[in-house]
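Visitor: Could you take me on a close look at the aromatic rings in this model? I would like to see how they pair up, and then what surrounds the ligand.

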Amino acid sequence: MKHSPDSEVEYRRYNKHYGQPERRKNQAPRSCSRKADAFVHLSCFRVFSPSFGRSKNPGRPRLFTLVSLIFILPQLFFPYFWTRLARPSAAVVTGSLAAVACAVGSLFGQDFAIANVYTAPWFIVIMFYFNAACFAAAVRFLFKSGKRTRLALAVLHLSFVVVCVGVAIDGFTQVRGYFKTSLKVSPDTMPPAMGYLQEGESSSELVVSRNDPGTELPFTLQLVSFTVDYFERDSVTLRVGGGAKKLAGFSFELKGIITDDGVEPDIPTSSLETARLAVEVSRNGKGELYYVPVTETALGEFDIAFDLNPDEEGDLVSDYTLTVTEPLRASKYTSVVNIIVDGETVTEGAKIEVNQPLNVMGYRIYQSGWGRFVTMEEWDTMPGNLRSPGLFAQYLETNDIPPTSFLMIARTPGRNVVYAGYLLMFLALIAFFAVRPSSAQEGGR
Amino acid sequence: MLTANLLVLWNLVQTLVHRMAFLGPLSGFVSGLLFAWAGSFGTVEKHTVPALQNSFWLTSHVFLCMLAYVAVFIATVAALFLLMRRGQRSRMAATFTFSALAAGTLSVVVVQLLQFGGIVAFESVSESGMYSVAGAFVGGSLIMPLFYYGFSRLGLYGSSSRDTMLERFVHTTALIGLALITLGIITGSVWGDLAWGRYWGWDPKEVWALLTWFALLIYIHLRSCGKRGFDLAPWAIVIGLITVVFNYFGVNFVLTGLHTYAG
Ligand code: HEM
């Protein structure tokens with residue numbers, strides 16, 4: 001690549017300011033420093049990589065690791081070690097590797113990427129190495145004189161390592177799951193769901209999946225009450241020839257009923273029970289025709305109700321409507337809980353909402369979801385025809401079945417370390433910009 | 001609204017930090033247009049799910065990330081003009097990237113107009129996205145000679161004493177962008193912790209914000225990797241813009257995850 005003279009000017013200006021890669025007279029020749037570089041980086045890499053590889057004896061460091069460690073430990077006391085490891089090129093190379101891995105991984109879907117990229121040994125090695133270099137950079141900044149931003153940069157580079165240490169602690173020790181409860185059923189959740197608490201129900205065990213036997217928690221949680229608030233629902237009433245009506249980003253148009261000859265506006269009285277309505281549903285200018293039985297109560301997520309004028313007589317019914325109602329959406333859900341330790345209620349009536357978790361003895365309890373279910377016994381004794389989604393919803397409503405609350409439990413000991421890192425990073429960034437030479441001071445014009 | 005605030009704030013930051021007025025209004029205007037238009041996409045959701053309702057962390061997260069993306073956009077445009085002065089090959093590549101950026105923006109607008117005007121109905125959002133990307137490359141190749149001619153007539157390829165100033169501008173903008181995206185990721189992480197009990201979950205939107213962060217990080221460190229690195233560094237910002245664009249369009253429509261409530 002050729003360089004224009006201008007780039008030369010910039011580069012020299014840049015060197016003047018930072019005094020960085022221009023070599024000084026008494027510095028070792030380039031080939032020598034390259035070797036030192038290679039030695040430092042390779043020996044560090046050797047320390048990190050085998051302990052994460054799938055060795056036959058996991059947990060026991062291999063001989064090679066030990067030897068590398070013996071090489072590395074004394075080096076820690078020599079400044080050249082930190083200078084070599086703290087090369088910005090280390091950030092560029094490991095950063096690029098991690099970035100490419102993340103980008104490719106994300107294209108394969110979140111779950112796949114978590115299993116095969118973000119938690120894979122090789123990825124952890126890259127991140128480990130990135131952190132080692134970052135830490136070295138922090139140490140180097142600390143002892144490097146003559147740079148106004150050195151303290152801020154030392155803290156900034158250190159803070160990133162602190163965050164990663166927190167994440168690593170969580171990686172080894174975090175506990176995450178939900179409460180062990182009785183199994184509950186609805187037509188949408190087959191097999192039955194676990195973790196949904198009914199009002200009055202209590203639990204003192206944590207599970208990570210439905211088949212998990214459960215781990216004992218140091219406290220018992222009892223759900224006192226659970227309330228769900230809903231958004232108001234809009235609806236539109238459609239008539240044949242009434243044109244399209246808009247609702248929640250969709251537009252609906254009732255065309256008539258479907259017959260052998262196509263779409264007709266009127267319904268023969270004889271087939272009132274079995275007629276199928278032709279409804280065009282469109283979004284962003286793209287429409288699709290749906291054939292909906294008049295007995296149906298749902299069109300996708302929307303509730304629908306067919307209605308006809310009872311006074312109308314004759315062979316053909318022409319005065320009928322279809323009312324389409326927005327899906328029911330929760331605007332807020334709130335659990336009120338008691339926390340019981342050794343038979344004593346230590347916390348009474350604590351509120352848990354989305355975005356407002358509850359802290360209990362190092363565990364955090366989050367409002368994560370909700371649902372409407374019946375118990376297994378109720379399900380088994382229910383008439384079979386009620387087990388379809390539409391009729392089940394009606395059953396829940398008419399029998400006044402209360403909603404159940406899904407609470408998540410997390411114990412993340414590294415969280416405080418991560419947050420400490422965030423705080424350091426925030427302060428360091430502010431300090432960095434506060435002491436950084438402004439462009440006028442930097443080079444002059 | 002938000003865009004206007006961003007503009008005012010941005011020009012303020014510029015005047016304070018670099019005391020350079022010449023690029024401010026221009027880049028501010030362009031980015032303002034772009035973001036006003038991008039903002040018109042996301043219709044205000046009436047039924048916001050509870051996790052998204054008025055949280056301080058969420059609001060700061062969105063605001064900081066938006067600011068960071070504006071910074072990346074401005075830095076990219078400036079970086080391209082910088083790259084146009086670094087040798088013949090770099091000049092061609094930067095001019096082409098600039099043309100593709102312009103053509104890409106134009107084709108997204110055209111595709112949306114066609115769709116909302118009901119003239120063309122695309123099968124899916126990814127299909128219309130594909131046309132936009134194709135438009136960027138084809139259109140970019142077509143208009144590149146025009147830009148090339150225009151830029152050389154304007155003297156943008158020649159050397160001028162402004163070059164170090166431009167370099168400084170790119171550097172400062174990228175640093176500010178890095179700070180903003182760092183804070184944006186941190187606030188988002190705190191919000192995620194409150195809402196779902198995890199401060200990081202490898203959600204595609206998170207990952208792509210992290211990639212923007214990496215791109216800027218690579219830029220500032222590549223600047224210190226010798227002459228070659230110094231010359232190549234601005235390309236990292238250009239890649240940063242690509243990650244931003246992908247985060248906006250690709251992640252919402254191609255990948256799925258917690259953040260994709262809008263699509
Ligand atoms: C592998 C890890 C890293 C290494 C080896 C490293 C090394 C360095 C070095 C040597 C410099 C000085 C460059 C110069 O004086 O021109 C530097 C600057 C800087 N680094 Fe890092 N760094 C690493 C990671 C990070 C991370 C994770 C962050 C962000 C949180 C960061 C933010 C910065 C900033 C803001 C500067 C100042 C850049 C400037 O003034 O142009 N670095 N880094």
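Guide: Happy to. Rings of Phe, Tyr and Trp (its six-membered ring) are paired here if their centres lie within 6.5 Å; planes under 30 degrees apart make a pair stacked, over 60 edge-to-face, and the rest tilted. By this rule there are 30 aromatic pairs over all chains. One of them joins A:Phe250 and A:Phe302: the centres are 5.5 Å apart and the planes stand at 80 degrees, so this pair is edge-to-face. A:Phe250 belongs to strand S9 (residues 250-259) of chain A and A:Phe302 to strand S15 (residues 302-308) of chain A, so the pair ties together parts 52 residues apart in sequence. Helices (H or I, at least four residues) and strands (E, at least two) are DSSP runs, numbered from the N terminus.

Two short notes on the ground rules. This is a predicted model, in which local features need pLDDT of at least 70 and side-chain atom pairs count only at pLDDT 80 or more, while totals for chains, interfaces and linings use all residues. Residues are numbered from 1 along each chain as its sequence is written, chains are lettered from A and ligands numbered from 1 in the order in which they are written, and side-chain values use heavy atoms, with hydrogens and water left out.

Buried means under 20% relative accessible area, exposed over 50%, and partly exposed in between (1.4 Å probe, protein chains only). A:Phe302 is buried at 7%, whereas A:Phe250, at 23%, counts as partly exposed. Strand S15 of chain A also holds A:Phe306, and this residue pairs with A:Tyr320 in strand S17 (residues 320-325) of chain A, 14 residues apart. A:Tyr320 is buried, with a relative accessible area of 1%.

A:Thr321 lies in strand S17 of chain A as well, and is buried at 10%. Leaving aside residues up to four places away in sequence, A:Thr321 touches A:Thr237, A:Leu238, A:Arg239, A:Ala305, A:Phe306 and A:Asp307, where contact means heavy atoms within 4.5 Å.

Now for the ligand. A residue is near a molecule if one of its heavy atoms lies within 4 Å of it. Residues from chains A and B surround the ligand, so the site is shared between chains. Of the 24 residues around the ligand, A:Lys147, A:His157, B:His171, B:His221 and B:Ser224 come nearest. The side chain of A:His157 has an N or O atom 2.7 Å from a nitrogen atom of the ligand, and for B:His221 the distance from an N or O side-chain atom to a ligand nitrogen atom is 2.6 Å. B:Ser224 places a polar side-chain atom 2.8 Å from an oxygen atom of the ligand. Among the elements that give two or more residues to this shell are helix H8 (150-173) of chain A and helix H7 (204-222) of chain B. H7(A) gives the most, with six residues.

Definitions and conventions
Polar contact = N/O pair within 3.5 Å; in protein donor to acceptor, adjacent residues only side chain to side chain.
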